[in-house]
Amino acid sequence: MIRADRLIKRFAGFTAVDAVSFTVERGEVVAFLGPNGAGKSTTMRMLAGCLEPDDGRALIADFDCHIDRRAAQSHLGYLPEGAPAYPSMTARGFVRFGLRARGYSGAALEEATRVALDRARLGKMADKAIGALSKGYKRRAALAAAIAHDPPVLILDEPTDGLDPNQKDGVRDLIREMAPKKAILISTHLLDEVDAMCSRAVVIAEGRVKVDATPAEVARQFGGSLESAFRGLTGSLQDPVISDQTGPRT
Amino acid sequence: MTGLIAIFRREVAAYFETPLAYVFLSVFAFAAPAFAWRVGRLFDTGRADLSPLFDYMPWLLLVLMPALAMRAWAEERDRGTLEVLLASPIALYELVLGKFLAALSVAALALMLTFPMWAAMNYLGSPDNAAIATAYLGALLLAGGYLALGQALSASTPNQVIAFVLGVGACFLVTVSGAPFMLDALSAHMPGAAAEALADLSALARFDSLRRGVISLADLIYFLSLMGLGLGLAMALIDARRGGGR
């Protein structure tokens, strides 16, 4: 359902993503791991059709994200880094806006909105302006908008970043609940999250895929834990100059 | 079209969910009659027409339209919501046109706020209402041209203040390119035919004929082309964001 095929992206001579390839099939939750500036968000933006690769192909549900962009995006739910949303809108309004843009109207619009807000556990906060919500609720509002059209593919860039432990559990439960019917790619810095809900881990550093295996295999190859594996694969890249490099926002 | 309608609805709501539309409409409702009365001496002309209102309209629109357009893309880029839009299955022309039509609707509402002046003229005398209607059409077309330019410049930066300043500058150039002082200055540095050709690009001259009640196909094509140019440029700049600056 998700296929990155030798994706390459350069910014002003700096190669942010260098021939990255992996796939995610229906029923899989794949963790996309790497230090800051490794190329995770840039890869996800290319898969979401927000950024054109310099070379290689990004496919969602067999549609090329750039040649057949709108068909690919109609199968995709995307939560960008930082979960951006319109502060003057309510969470309900934001979800409805996304659904209307996808052609929903009438009873289908109302039902999809209700289900998405329930799944993201917005509760009474659904009718408050997003700008007045806590960080956790803002992220839930953006997540609700990403899943509202029940897409077969989800790309979530750090969906639990900045959430408290209860909120993290809520988002993890939601992802586990959706997992059997969807292909889900999640970027995260939280290695316990990988153990808790991911069937596979793709580790990326310096724009290149270092390993693509189940969390257990990754841990076994690199000293018994995911943490030691992460350090082993990316430890030499913790220089802050390198780790602060990220592609420009769209 | 569903994408265009969704964007249009969101943009109109966004104008009224924040103080922006109310401030804009209040300033316009105060400034337009103030120019007509105080500067244009509306009641001193002894004629029942709205010429003094439209005499100063280009200068008012020149400042207020970039203020309305500056947030269109600069705000999306600054907040990161442009990524949400670009990841949606909405055609780029729907995004640009939806934003433009929403801003044009607010501009049309602002022009409607001057209708009491039209009613007053009809109460006091018998103005040429066909000419006034043409002048309103001209003002709306001029507003559309300025909004389209403003939207293009909003797409060039994530900073709304810069977008506003660039927008006012571009609208000023388009407006004054045919003004006598500009023609004098230009004719000293370029052949007369080139200076005249540049004068033909002046929005002020095009608006002037509409203000006097004359509709010509050339003027309509001019304003539609100005809108097309601005919106096309906005589309190109937003599409370039997908290329990551390539």
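Biologist: What makes A:Asp62 exposed?

Modeller: A quick word on the ground rules: this is a predicted model, where local features need pLDDT of at least 70, side-chain atom pairs count only at pLDDT 80 or more, and totals for chains, interfaces and linings use all residues. Residues are numbered from 1 along each chain as its sequence is written, with chains lettered from A and ligands numbered from 1 in the order in which they are written.
Now, a residue is buried if 20 or more other C-beta atoms lie within 10 Å of its own, exposed if 12 or fewer, and partly exposed in between, with C-beta atoms placed from the backbone. A:Asp62 has 11 other C-beta atoms within 10 Å, so A:Asp62 is exposed. It sits in the loop between β4 (55-60) and β5 (63-64) of chain A, and its phi is positive, about 70°, although it is not a glycine.

Biologist: Why is A:Ala19 called partly exposed?

Modeller: Its count is 15 C-beta neighbours inside 10 Å, so A:Ala19 falls in the partly exposed class. A:Ala19 lies in strand β2 (residues 14-24) of chain A. Its phi is near 55°, again a positive value in a residue other than glycine.

Biologist: And what puts A:Gly27 among the partly exposed residues?

Modeller: A:Gly27 has 13 C-beta neighbours inside 10 Å, so partly exposed is the label. It belongs to the loop between β2 and β3 of chain A. Its C-alpha atom is 5.6 Å from that of A:Lys181, 154 residues apart along the chain. A:Gly27 also touches A:Ala179 and A:Pro180, leaving aside residues up to four places away in sequence; touching, or contact, is a matter of C-beta atoms, placed from the backbone, lying within 7 Å.

Biologist: How do you know that both faces of strand β6 of chain A are covered?

Modeller: Look at the residues on each side. In a regular strand the side chains alternate between the two faces of the sheet. For β6(A) (residues 76-79), A:Leu76 and A:Tyr78 on one side are buried, as are A:Gly77 and A:Leu79 on the other.

Biologist: What makes β6(A) and β7(A) a parallel pair?

Modeller: Strands pair if DSSP finds at least two bridges between them, and β6(A) and β7(A) (residues 153-157) have 4 bridges in the parallel sense. Within that pair, A:Gly77 stands opposite A:Leu154. The strands themselves are DSSP runs (E, at least two residues), and helices are too (H or I, at least four), numbered from the N terminus.

Biologist: Why do β6 and β10 of chain A count as edges?

Modeller: The open sheet has 6 strands in the order β6-β7-β8-β3-β9-β10 (chain A), with mixed pairing. β6 and β10 (208-213) each have a single partner strand, so one side of each has no neighbour in the sheet. From one strand to the next, the twist averages 15°.
Further in, β3(A) (residues 29-33) runs parallel to β8(A) (residues 183-187), joined by 4 bridges, and A:Val30 stands opposite A:Leu185.

Biologist: What about the other sheet: why are β2 and β5 of chain A at its edges?

Modeller: That open sheet has 4 strands in the order β2-β1-β4-β5 (chain A), with antiparallel pairing. β2 and β5 each have a single partner strand, so one side of each is left without a neighbour. Inside it, β1(A) and β4(A) run antiparallel, with 5 bridges between them, and A:Arg3 stands opposite A:Leu59.

Biologist: Over in chain B, what makes α9(B) oblique to α10(B)?

Modeller: Two packed helices are described by the angle between their axes and the distance between the axes. The axes are lines fitted to C-alpha atoms, for helices over the stretch in contact, and angles run from 0 to 180 degrees between N-to-C directions. Here α9 (residues 129-154) and α10 (residues 160-176) of chain B pack at about 140°, with axes 9 Å apart. Under 35 degrees is roughly parallel, over 145 roughly antiparallel, 65 to 115 roughly perpendicular and the rest oblique, so α9(B) is oblique to α10(B).

Biologist: Which residues make that contact?

Modeller: Among them are B:Tyr146 and B:Leu149 of α9(B), and B:Leu166 and B:Val174 of α10(B).

Conventions:
Contact = placed C-beta atoms within 7 Å.
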